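Please look at the sequence and the model first.

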Amino acid sequence: MPVIARAPGRVNLIGDHTDYSGGLVCPMAIDLATTVTIEPGGDRVELRSDADPEPASIPLDVADPASVEPAWARYVAGVVAVLRPALGGRGTVSTTLPVGAGLSSSAALEVALALALGADDHDPVALAHLCQRAEHVASGVPCGIMDQLVVAAAVEGHALMIDCATLSLTHVPIPPGVDVVVVDSGERRTLATSAYAERRAEVAGAEALIATPLRAATDADVTRLPPGTLRRRARHVVTENRRVTTFAAALSAGDLAAAGAAMTESHASLRDDFAVSTPTLDALVARLVSAPGVWGARLTGAGFGGCVIALTEPGATAGLGLPGVRTVTAAGPATRR
Ligand code: GLA
């Protein structure tokens with residue numbers, strides 16, 4: 001009998017570039033997903049994907065996932081290298097997620113594949129850690145835990161606030177009468193070729209200078225940094241953590257104006273202080289927030305291209321004539337059957 005595992009993609013409603021310093025994030029799993037179907041057996045993992053003509057063929061003792069070809073097979077190799085399953089298998093990968101668009105297609109593939117290869121599905125945090133390590137060895141990008149954890153632990157109809165210091169999870173209901181809209185900018189930059197690792201190092205540099213984790217830092221700590229790049233990076237993280245709390249409280253209370261305002265402020269901070277936006281993303285956000293019925297908009301995920309999201313009244317973006325618009329709903333976690 002084949003094993004079938006399915007894992008959703010995600011949008012991040014708010015809290016970007018905060019996970020790797022133990023901050024707060026509030027992503028939401030979405031109703032676009034990757035499905036891995038495997039017939040177990042053999043000493044290789046052999047998969048065909050509907051998103052790439054080249055198959056993946058990975059030996060169970062794969063040594064260097066980052067050098068595997070084709071490039072998508074590195075994620076397969078990463079999961080194999082970290083999980084070290086006793087048995088390989090043969091099967092397929094199919095996805096409704098746009099690949100490399102910032103909707104965590106790689107986390108969805110990692111989690112679905114790990115489950116298909118027999119990973120323990122009782123502990124979402126352990127599953128997320130396994131897949132985060134797979135991402136590190138596959139792509140060389142030192143990503144945080146957000147994407148893999150929301151994919152593994154989401155609850156349908158809810159966003160997931162994660163305290164990345166304690167990994168405590170708070171399921172935040174999405175109120176009725178709210179659309180979460182995704183607009184694909186069409187700009188593609190993989191995390192590896194972006195300045196992700198550089199930003200992560202800057203955050204660590206700011207923490208070293210003030211001798212305080214940014215999660216615990218105050219505005220006064222931030223202003224003790226010399227004016228310049230590190231101070232701006234730190235200011236983004238410290239203010240973004242506060243915005244996540246504000247957003248989650250506002251969403252729970254049904255105060256969509258306040259929730260949307262926090263999102264739009266988050267975009268400005270990612271643009272001005274964290275410098276991970278692009279003119280295309282900025283133009284999309286400006287267009288969205290000027291439309292009636294749009295409560296807020298921001299880039300989502302790492303930035304440097306990818307998608308913008310908006311919180312809107314139902315149907316508010318229909319008349320804007322934007323290409324690549326899609327309304328997403330809050331999906332449940334990855335599953336295996
Ligand atoms: C990527 C990483 C996450 C997180 C975001 C930015 O999606 O995988 O861990 O750092 O960027 O918030």
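This is a predicted model: local features need pLDDT of at least 70, side-chain atom pairs count only at pLDDT 80 or more; totals for chains, interfaces and linings use all residues.

Residues are numbered from 1 along each chain as its sequence is written, and side-chain values use heavy atoms, with hydrogens and water left out.

**Ligand**

The residues around the ligand include Arg10, His17, Tyr20, Cys143, Met146 and Gly301; such a residue has a heavy atom within 4 Å of the ligand. The table gives polar contacts, meaning pairs of N or O atoms within 3.5 Å.

| Residue | Distance from its polar side-chain atom to a ligand oxygen atom |
|---|---|
| Asp16 | 2.5 Å |
| Tyr196 | 2.6 Å |

The ligand taken alone exposes 300 Å², and the protein buries 97% of that (Shrake-Rupley method, 1.4 Å probe).

**Largest pocket**

The largest pocket holds about 1,000 Å³ of space. Its centre has Tyr75, Gly100, Ser105, Ser106 and Glu135 as the closest of 50 lining residues. A pocket is an open set of points on a 1 Å grid over the protein atoms alone where a 1.4 Å probe fits, with protein on both sides within 12 Å along at least five of seven lines; lining residues have an atom within 4 Å of a point. The volume is the space filled by probe spheres set on the points, which are joined across faces, edges and corners.

The lining has 21 nonpolar, 21 polar and 8 charged residues, with Gly counted as polar and Tyr as nonpolar. Domain 1 (3–172) and domain 2 (179–328) both contribute to this lining, so the largest pocket lies between them. The domain bounds come from an automatic or database assignment.

Definitions and conventions
A polar contact is a pair of N or O atoms within 3.5 Å; within protein, one must be able to donate a hydrogen and the other to accept it, and residues adjacent in sequence count only if both atoms are side-chain atoms.
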